[in-house]
Amino acid sequence: MKRLTAVCLATAALCVGMHAHAAEPVIGLITKTETNPFFVKMKEGAQAEAKKLGAKLMTASGKKDGDTAAQITAIENMVTAGAKTLLITSSGDAILPAVKKAQAKGVQVIALDSPFEGADALFATDNYKAGILIGQYAKAALGSKPAKIAMLDLFPGHPVGAQRHNGFMTGFGLKAHDAKSNELSATPETVCAGDTDGNQARGQTAMENCLQKNPDINVVYTINEPAVAGAYNALKKAGKDKGVIIVSVDGGCAGVADVGKGVIAATSQQYPLKMAAMGVAAGVEYAKGGKKASGYVDTGVTLIAKNAVAGVDSKDVQTGTDLCWGKK
Amino acid sequence: MSTVKDRLPPLSQLGPFIALAVACTVFGLTTDNFFTAANFSLILQQVMVVGVIAIGQTLIVLTAGIDLSCGMLMALGSIVMTKVAQDFGLPTPLAILLGIGATTLFGLLNGLLVTRIKLPPFIVTLGTMNVAFAITQLYSSAQTVTEVPEGMTWLGNTFELAGNPVAYGVVLMVALYLATWFWLRDTASGRHVYAVGNNPEATRLIGIPTDRVLLGVYVLAGLFYGIASLLSVARTGVGDPNGGQTENLDAITAVVLGGTSLFGGRGVVLGTLAGAIVVGVLRNGLTLMGVSSVYQVLITGILVIVAVTVDQLSRKGGR
């Protein structure tokens, strides 16, 4: 009799324990890489919000940009481990089948930063708008001089790369594809284009080659701030660092510092922390009330520039530094 | 009676130079600025890091091995040397030595795993590639090191030669290639590398210490990766923890395009230099032409298949 009571009590305790554990929303965050400070900040933002709202956060990432295999594995593992919401910065469309399978199991899948088809919702920077802002700035800063623009891109076919590129051209006043396109536009003013993979050494090589093609380049659009650092190196070695307007996107602390140094004329700052926090909140909401997030929420983009130009709204370097992500 | 054909080097060795000549001709005809000394000086600077990495890779491929960790070791070296200079204020020569020491140590690790534990080089270097990458990311906290002493960057500077800019690092690369070429061709220890790649069992039976030769090759390769990391810091002016990823595959491509056989025992290291330059020429020329970089990847892939096919066919015919 005593034994039976003990077993009953133990089972009851186990059931209570399991129930309490099951009440905690389980959310998975899958980023492109764990090393890019952008995603580090996203992870930090998600962890802070999860702690605040009492949710359990699992994290995973690919080894580098484009590593979809690791992301697919992470999706499957996290769903098995009980995640009810997945927040994903997609490395490519190869993850779509895994996403569909997860959604069929009732998992909410939200895209952060990079859009992908079939996501329940998208919390991201409007990358097209980010491009437009720096395009407008570059045009205003250049004035009436004929434009010779170098476009330093990510790599072909990437939606974020295409949106920033085409947005820049639209902001500059050139004819370009709209925000839905993954193709990179070109006009006679864009005298050169090169791929950088978003890294510094390739940015330097691409800029060097562009300068060989056209030594009179006076505007440089770059996909992100590491690429700019390389491009600036190339310009400096060619003695052309003054008098060329360089613009970029990101707003990381290192990039904002470069705006302060005069390396970058203007950068569009984005807010990974906000994306992650909103994602976690949406995950908690779904776990508690069963309501999925939907649609696109713009997490905001701010133009940071050292010198303001007429007709374009921008914030100064100090504001940029206060809001920046990465190591200050 | 020997014909002209008999006296020429085999096609696998001539191949990369032919490819280089064809590419240069095409780009020279279709663009304005390709065929200038300034542009060529630029291309050489752009390939000098991969070029030196590829020397180490050539040695390993000559022994019928492969090193997938080469680019990651280069990145590790550049982070170690820039971080120790920045964090501990060490004098530049010491910092550089520590960076090169780190990559050489990893080369030793690769070599020991291959010779003592008898693991296939592909698998060993697959593992060390990831270990080196992780260590680089952790040690640097994924941040680029931007405060770099001038002593580390002077190799990236240029001097005037007959009115044309030449980078010191390029001179170093060419010197290293010539020294390696001479060593492989004209010294006993160099010829042992070919022997081990050709037929390790027969080499061992002759009395040549094959394990020692292999170990030496991996350590030497690690040394070359360290020199390449200094060149990388010199060119970009920073220590980049995300560097080396393109260089990883580019170095192997350069070796294959250069006519060195993946089966070991055959190849001339100067061919690797031509192979490395071909990759740089393609990237530069296609940008000058305004062609999408996707075509560069396509053409490089086709060239690699052609190179390996030529090597395979000439093996069947010649022996």
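Which domains does the domain assignment give for chain A? Domain 1 covers 2-125 + 272-293, and domain 2 covers 127-270 + 303-323; these bounds come from an automatic or database domain assignment.

Before I continue, a word on the model. It is predicted: local features need pLDDT of at least 70, side-chain atom pairs count only at pLDDT 80 or more, and totals for chains, interfaces and linings use all residues. Residues are numbered from 1 along each chain as its sequence is written, while chains are lettered from A and ligands numbered from 1 in the order in which they are written.

I begin with the two domains of chain A. Their centres, taken over C-alpha atoms, are separated by 34 Å. Seven residues of domain 1 of chain A are in contact with seven residues of domain 2 of chain A, where contact requires C-beta atoms, placed from the backbone, to lie within 7 Å. The side of domain 1 of chain A that touches domain 2 of chain A has four nonpolar residues, two polar and one charged. In this division, Ala, Val, Leu, Ile, Met, Phe, Trp, Tyr, Cys and Pro count as nonpolar, Asp, Glu, Lys and Arg as charged, and the others, Gly among them, as polar.

I turn to the sheets of chain A. Strands here are DSSP runs of E with at least two residues, helices are runs of H or I with at least four residues, and both are numbered from the N terminus. Two strands pair if DSSP finds at least two bridges between them. Strand β5 (residues 121-124) of chain A pairs with β11(A) in the parallel sense over four bridges; Y296(A) in β11(A) is the bridge partner of L122(A).

Another open sheet of six strands in chain A has the order β7-β6-β8-β9-β10-β12, with mixed pairing. β7 and β12 (301-305) of chain A each have a single partner strand, so one side of each is left without a neighbour in the sheet. Here the twist averages 15 degrees from one strand to the next. Strands β8 (residues 219-222) and β9 (residues 245-250) of chain A run parallel and are joined by three bridges, with V219(A) opposite I245(A) in β9(A).

How many residues does the contact take from chain A and from chain B? There are 24 residues from chain A and 23 residues from chain B. On the side of chain A that touches chain B, α7(A) gives the most, with 11 residues. That side of chain A divides into seven nonpolar, 10 polar and seven charged residues.

Finally, chain B. Helices α4 (residues 70-88) and α6 (residues 121-140) of chain B pack at an angle of about 25 degrees, with their axes 9 Å apart. α4(B) and α6(B) are therefore roughly parallel to each other, a term for angles under 35 degrees. Among the residues that meet are L76(B) and I79(B) from α4(B) and F133(B) and Y139(B) from α6(B). The residues of this contact of α4(B) with α6(B) comprise 10 nonpolar, two polar and one charged.

Definitions and conventions:
Axes fitted to C-alpha atoms, helices over the stretch in contact; angles between N-to-C directions. Parallel < 35°, antiparallel > 145°, perpendicular 65-115°, else oblique. Contact = placed C-beta atoms within 7 Å.
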